[in-house]
Amino acid sequence: MKSLFIAILTFSTLLISAQESDTLSVIIDPIETEPIFPGGNDSLCCFIETNLNFKILNSTDKTGKIIVFFNIDTTGQVLDIEINPELLQKLSGVINDRIIENEIKRVIQLMPRWKPATQRNKAIKVQYALPIRIPYTDFKCKNL
């Protein structure tokens, strides 16, 4: 039993070390500290709502959500923005509309640097998933 515990502990250490290396990309879940948008989640909602073109976003008669994935690197920069088409096909109620997807990607590209996620007090790269409901009518920002 003791050797099993040591083996598991060693494997866990290897995963964390691999994430900290620039040559390997391993996603660690759960992470110690999540990435934080400047000002927190309320500011993230306001940023999105302030920058989205709602004429484009609400131009479809479809309802559902678009899930946009992006990485937040060790400096807090947003990278590798994508909407996974395979995931879109598997989920019911998910919209596959290029014009709307491009508008959402445009806004995500405008994001300022986040406070990066950390593991063992060291910044790490993580993937973030952000669902956006269509039509967008559930405004959370009180400044609009």
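A disulfide is a pair of cysteine sulfur atoms within 2.5 Å. The model on screen is predicted, so local features need pLDDT of at least 70 and side-chain atom pairs count only at pLDDT 80 or more, while totals for chains, interfaces and linings use all residues. Residues are numbered from 1 along each chain as its sequence is written, and side-chain values use heavy atoms, with hydrogens and water left out.

Start by selecting Cys46 and Cys141. A disulfide joins these two, with an S to S distance of 2.1 Å, and the structure holds one such link. Cys46 lies in helix H2 (residues 41–51) and Cys141 in the segment after strand E5 (126–134), so the pair ties together parts that are 95 residues apart in sequence. Helices (H or I, at least four residues) and strands (E, at least two) are DSSP runs, numbered from the N terminus. The link of Cys46 and Cys141 is right-handed, with 100 degrees about the S-S bond.

Both Cys46 and Cys141 are buried; buried means under 20% relative accessible area, exposed over 50%, and partly exposed in between (1.4 Å probe, protein chains only). Now select Cys45, which is in no disulfide: the nearest cysteine sulfur, that of Cys46, is 7.0 Å away.

Next, select Ile134 and Pro135. The peptide bond from Ile134 to Pro135 is cis, with omega near -5 degrees. Pro135 is in the segment after E5.

Move to Asp80, in strand E2 (residues 78–82). Asp80 is not a glycine, yet has a positive phi of about 55 degrees. Its relative accessibility is 47%, so Asp80 counts as partly exposed.

Finish at Arg120, in the loop between strand E3 (117–119) and strand E4 (122–124). Arg120 has a positive phi of about 55 degrees although it is not a glycine, and is partly exposed at 46% relative accessible area.
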